[in-house]
Amino acid sequence: MLIQTPKGTKDILPSEVYKWQYIEKKISELCKSFGYREIRIPVFEYTELFTRSVGDTTDIVQKEMYTFQDKGGRSLTLRPEGTAGVVRSYIENGMASWPMPVKLYYNITAYRQENVQKGRYREFHQFGVECFGSKGPLVDVEIISMVSMFLDKLGIKDVELNINSIGCPNCRGEYNKKLLEYFKPHLDNLCGTCKSRYERNPLRIIDCKEEKCKVYTKDAPALLDNLCEECKEHFEGLKEGLENLGIKYNIDKTIVRGLDYYTKTVFEFVSKNIGAQGTVCGGGRYDGLIKECGGTDTPGIGFAIGLERLLMVMAGQGIEIPNPDPVDVYIATIGEKAQKYAQKLVYRIRQEGFSAETDLMDRSVKAQMKYADKLGAVYSLVIGDNEVESNKAVLKNMLTGETKDISLDTLIERLKM
Ligand code: ATP
Ligand code: MG
């Protein structure tokens, strides 16, 4: 039996990888202009980090984590998302003493044991940012505007922004009572997981993906209608800021997000054109998280964009990504002398920063030229004994078919033109 990639994982082949490199370049440009610096965190962490931060009543922790014991008997988990690791690093590295706010971004793989379908994988890529230290809605607006600008710069048009507020521990107390009251008569009809959530974290029921729970969750009371004064004001500030920047939004009272750490602002960017998995970006504020993980009380906010879904949206809209990899020049050879000559010439061309190829397969000139064509070489040259002796050759423009007699000494100068 051939060994294949594990379910829900994929190779990214050279014929696709330029798209990823293009997105990565756009990410680093965007983050530079918004003042975010890159952080790289480990692929696995102690399991406790995720149970504490993501929350032990969430789908991620209850159903989706890749958790294993290492040989020392420690429980480790492949990161299901990026925020927890970045928060751990913020605390561990004393970033609270850095100039505030601390602005970080990451571009990572993440791991969740999910039902694999279009746009839903077990290893996937997330670009995310986190901003620590600022509690007002200004930073919420900045973060959301960053996603909106990113989508604009990629030429993406059909994605909508939905916002909501899920309040703070202050508003949750009263609200939880209302939720318990609402769900009580339906308790027997909810899924097993939600039955236990009823006791521990009723808000989680609203985010359940089971059909039998969705029947009831759609009419459940919304947190947005039950905010305390401070949270109301914050939400007003968010809306004003978005309007100030001309960013269009919808208010969606049903957004809860799949992670426990969110407070106040939550948002999603959704495409209607790629099917059920249309959420390209999810984010929100998490003012209690750093304290919960053992740091000093510090507000924070962030988002994560799923890159597979982003690429799906781009493909769906027919957005072309430029392939930057043509070979500048192919040097075909006839005979051993020419081979040695070409070996040096190719080396010099590469030293100058151009891409050059020559035969490594001992093929006929005809086969070499066919190969040059497949590589998409812009120029080609054929070198034999005569060319070595005279130091002259015919330079062919492979795109136009045009040819020119040149002195080989001038080749690099010509490539620079
Ligand atoms: P969903 O509701 O689609 O399950 P989520 O709420 O679990 O998303 P987050 O944890 O907020 O998603 O992750 C942020 C983004 O990462 C999502 O908006 C999505 O684009 C992407 N994402 C999440 N899970 C997957 C997955 N299994 N495969 C591919 N992309 C994913
Ligand atoms: Mg999910």
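**Shell around ligand 1**

I sorted the residues of the shell around ligand 1 by type and got six nonpolar, five polar and six charged. My classes: Ala, Val, Leu, Ile, Met, Phe, Trp, Tyr, Cys and Pro are nonpolar, Asp, Glu, Lys and Arg are charged, and the others, Gly among them, are polar. The model is predicted, so local features need pLDDT of at least 70 and side-chain atom pairs pLDDT 80 or more, while totals for chains, interfaces and linings use all residues. Residues are numbered from 1 along each chain as its sequence is written, chains are lettered from A and ligands numbered from 1 in the order written, and side-chain values use heavy atoms, without hydrogens and water.

Which residues come nearest to ligand 1? Of the 17 around it, I noted R112, E114, R120, Y121 and R257. A residue is near if one of its heavy atoms lies within 4 Å.

Next I looked up polar contacts (pairs of N or O atoms within 3.5 Å; within protein, one must be able to donate a hydrogen and the other to accept it, and residues adjacent in sequence count only if both atoms are side-chain atoms). The R112 side chain has an N or O atom 2.7 Å from an oxygen of ligand 1. For the R120 side chain I read 2.8 Å to a ligand oxygen. For R309, a polar side-chain atom sits 2.9 Å from an oxygen of ligand 1.

I then checked cover. Ligand 1 taken alone exposes 580 Å², and the protein buries 92% of that. Areas are by the Shrake-Rupley method with a 1.4 Å probe; for residues, only the protein chains shown count as cover.

The elements giving two or more residues to the shell are strand 6 (123–132), strand 10 and strand 11 (300–306). Strand 10 gives the most, with four residues. Helices (H or I, at least four residues) and strands (E, at least two) are DSSP runs numbered from the N terminus.

**Salt bridges**

How many salt bridges are there? I count 26. The rule is a side-chain nitrogen of Lys or Arg within 4 Å of a carboxyl oxygen of Asp or Glu.

I looked at D56 and R200: their side chains form a salt bridge at 3.1 Å, N to O. D56 is in the loop between helix 2 (47–55) and helix 3 (59–64) and R200 is in helix 7 (residues 192–200), so the pair ties together parts 144 residues apart in sequence. D56 is partly exposed, at 37% relative accessible area. Buried means under 20%, exposed over 50%, partly exposed in between (1.4 Å probe, protein chains only).

K272 and E160 pair at 3.4 Å, N to O. This links distant parts of the chain: K272 is in the loop between strand 9 (263–271) and strand 10 (279–285), E160 in strand 7 (residues 159–165), 112 residues apart. K272 is exposed at 63%. E160 is partly exposed at 37%.

K239 and E236 meet at 3.1 Å, N to O. Both are in helix 9 (residues 229–244), three residues apart, so about one helical turn separates them. Buried or exposed for K239? K239 is buried, at 16% relative accessibility. E236 is partly exposed at 41%. I also traced one network, in which salt bridges with shared partners join D140, E230, K264, R285 and D287.

**N397**

I found N397 in strand 15 (residues 392–397). N397 is buried, with 16% relative accessibility. Setting aside neighbours within four places in sequence, N397 contacts V378, Y379 and E402. Contact means heavy atoms within 4.5 Å.
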